[in-house]
Amino acid sequence: MKAARKSPAKPATKSPAPSTAPVGKAVTPQAPTVTPKANTAPAKPAKEKKVKVVRDSFTLPKTELLQIADMKKRAMALGVEVKKSELIRAGLQALSTMTDAPFKKALGNVPTIKTGRPAKG
């Protein structure tokens with residue numbers, strides 16, 4: 001059997017050492033003097049302000065959803081991984097660079113659909 005270990009006895013607390021300062025005068029600790037260093041750290045670039053992201057939903061025909069899937073596959077074949085939302089945002093960027101005539105033509109090529117959730121079926 002192993003013998004039980006005794007914990008070491010706690011030393012008695014000592015009263016603080018008597019001060020050598022004359023009575024009636026306050027003792028203030030002297031702060032070490034710090035010499036200012038030259039600013040050698042490179043300046044931090046200004047932080048870019050984060051763009052607020054908004055979640056939304058929309059209705060689109062199944063054929064156009066399949067087009068998004070095809071474009072995702074096309075991007076993967078080119079070595080670019082892309083999400084649906086990134087494809088849509090890329091499309092918005094392409095539309096925004098168009099002049100009025102091609103923009104109007106592109107909008108005319110998109111059929112109007114009934115908005116809202118489709119009926120269950």
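Q: Which element gives the most to the lining of the largest pocket?

A: Rolling a probe the size of a water molecule over the atoms shows where empty space is left. A pocket is defined on a 1 Å grid over the protein atoms alone, as an open set of points where a 1.4 Å probe fits, with protein on both sides within 12 Å along at least five of seven lines; lining residues have an atom within 4 Å of a point. Here, α2 gives the most to the lining of the largest pocket, seven residues. Helices are DSSP runs (H or I, at least four residues), as strands are (E, at least two), numbered from the N terminus. This is a predicted model, in which local features need pLDDT of at least 70 and side-chain atom pairs count only at pLDDT 80 or more, while totals for chains, interfaces and linings use all residues. Residues are numbered from 1 along each chain as its sequence is written, and side-chain values use heavy atoms, with hydrogens and water left out.

Q: How many residues line the largest pocket, and which lie nearest its centre?

A: The lining has 24 residues, and L60, E64, I88, L95 and V110 lie nearest the centre. Two or more lining residues come from each of α1 (62–77), α2 (84–96) and α3 (100–108). The space in this pocket is about 830 Å³, a volume being the space filled by probe spheres set on the grid points, which are joined across faces, edges and corners.

Q: What classes of residue make up that lining?

A: Ala, Val, Leu, Ile, Met, Phe, Trp, Tyr, Cys and Pro count as nonpolar, Asp, Glu, Lys and Arg as charged, and the others, Gly among them, as polar. The largest pocket is lined by 17 nonpolar, six polar and one charged residues.

Q: What is the volume of the second largest pocket, and which residues lie nearest its centre?

A: Its volume is about 600 Å³. Of its 13 lining residues, V54, D56, F58, S85 and I88 lie nearest the centre. α2 again gives the most, with five residues, and the lining divides into eight nonpolar, one polar and four charged residues.

Q: At what angle do the axes of α1 and α2 cross?

A: Axes are lines fitted to C-alpha atoms, for helices over the stretch in contact, and angles run from 0 to 180 degrees between N-to-C directions. The axes of α1 and α2 cross at roughly 95 degrees and come within 10 Å. The two helices, α1 and α2, are therefore roughly perpendicular (65 to 115 degrees).

Q: Which residues of α1 and α2 meet?

A: Contact means heavy atoms within 4.5 Å. L65, I68, M71 and K72 of α1 meet K84, L87 and I88 of α2. This contact has five nonpolar, no polar and two charged residues.

Q: Is K83 buried or exposed?

A: Relative accessible area decides this: buried is under 20%, exposed over 50%, and partly exposed in between (1.4 Å probe, protein chains only). K83, in the loop between α1 and α2, is exposed at 55% relative accessibility. Its C-alpha atom is separated by 9.3 Å from that of I68, 15 residues apart along the chain.

Note on methods:
Angles under 35 degrees count as roughly parallel, over 145 as roughly antiparallel, 65 to 115 as roughly perpendicular and the rest as oblique.
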